[in-house]
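User: I'd like to learn how to read this model, feature by feature. Could you walk me through it?

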Amino acid sequence: MEGMRMEVTKFFLSIEKEEKWLNDMSSEGCRFVGKHGFSYKFEPCEKGTYRYCIDQRGFLKNSEEFVGFLDELNMKLVHKQWGFYYFEADGSCSTEKIYTDIKSKSSFYLRCILWLACIGILNISIINHANGPYFLNISIPIVANTVVLCLVLSAILKYVWNILLLHLRK
């Protein structure tokens, strides 16, 4: 891969899994440089040179203060898409704990729940209005969107559980 850019298409419902995948890609020598839709762009780098973290801030919020705060912690904004902020730090920096108190961690999980709820509502709308194409008399959009809806609901339950654990541990 030396000297070549690489593009990988992937879809995530969990920010933690997406973050882990980006960090795994860095440990394999791939630096995240941007994203378009569900396509991630990478360029070669030394293995483990960079660490990544993602935050969900909402579409209409101005997060310049937050970005500036993380910039002071040597975490640079690499990409912003659909209210998600992708930050990069050098490999020696720990990006796993950008939230230092229960309130900020809970707010992060609540933002994730709201984002997933929007996806769930969209899928319910598609299921209600879906027709063919059919395979063995089964509507493909109904099946596919039902599977996505189940994944969204399980991710929402996971985030609710994480919030409960945060408050039980304090």
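Analyst: Arg31, for instance, is partly exposed at a relative accessible area of 24%. Keep in mind that this is a predicted model, where local features need pLDDT of at least 70 and side-chain atom pairs count only at pLDDT 80 or more, while totals for chains, interfaces and linings use all residues. Residues are numbered from 1 along each chain as its sequence is written, and side-chain values use heavy atoms, with hydrogens and water left out.

User: How many helices and strands are there in the protein?

Analyst: Helices (H or I, at least four residues) and strands (E, at least two) are DSSP runs, numbered from the N terminus. Here you get four helices and eight strands, and along the sequence they follow the pattern β-α-β-β-β-α-β-β-α-β-β-α. Of the 170 residues, 41% are buried.

User: Next, salt bridges. How many does a search of the whole structure find?

Analyst: The criterion is a side-chain nitrogen of Lys or Arg within 4 Å of a carboxyl oxygen of Asp or Glu. By that rule the search turns up seven. Take Lys20 and Asp24, whose side chains meet at 2.8 Å, N to O. They are four residues apart in helix α1 (residues 15-27), so about one helical turn separates them. Lys20 is exposed at 52% relative accessible area, whereas Asp24 is partly exposed at 30%.

User: Which residues are linked with Arg31 in a network of salt bridges?

Analyst: Arg5, Glu43 and Glu88 are linked with Arg31 in that network. The bridge between Arg31 and Glu43 comes in at 4.0 Å, N to O. Arg31 sits in strand β2 (residues 30-36) and Glu43 in strand β3 (residues 39-44), so this pair ties together parts 12 residues apart in sequence. Glu43 is partly exposed, with a relative accessible area of 24%. Then there's the bridge from Glu88 to Arg31, at 2.8 Å, N to O. Glu88 belongs to strand β6 (residues 84-90), so here the parts tied together are 57 residues apart in sequence. Glu88 is buried, at 8% relative accessibility.

User: What does Phe42 touch, not counting residues up to four places away in sequence?

Analyst: Contact means heavy atoms within 4.5 Å. With those neighbours left out, Phe42 touches residues including Met4, Met6, Trp21, Leu22, Arg31 and Phe32. For the whole protein, residues 24 or more positions apart account for 63% of the contacts with a separation of 6 or more.

User: And helix α4: which of its residues are buried?

Analyst: A helix's expected span is 1.5 Å times one less than its number of residues. With 30 residues, α4 reaches 44 Å from its first C-alpha to its last, close to the 44 Å expected. Its buried residues are Asn145, Leu149, Val152, Ala155, Ile156, Tyr159, Asn162, Ile163 and Leu166, and they pack against α1 and α3.

User: Which residues make the nonpolar surface patch of about 430 Å²?

Analyst: Patches are made of residues with over 30% relative accessible area and no salt bridge; like charges are joined within 9 Å and nonpolar side chains (Val, Leu, Ile, Met, Phe, Trp, Tyr) within 5 Å. Areas come from the Shrake-Rupley method with a 1.4 Å probe, and for residues only the protein chains shown count as cover. This patch is made by Val160, Trp161, Leu164 and Leu168. Val160 is placed in helix α4 and is partly exposed at 35%.

Notes
Buried < 20%, exposed > 50% of the residue type's maximum accessible area, 1.4 Å probe, protein only.
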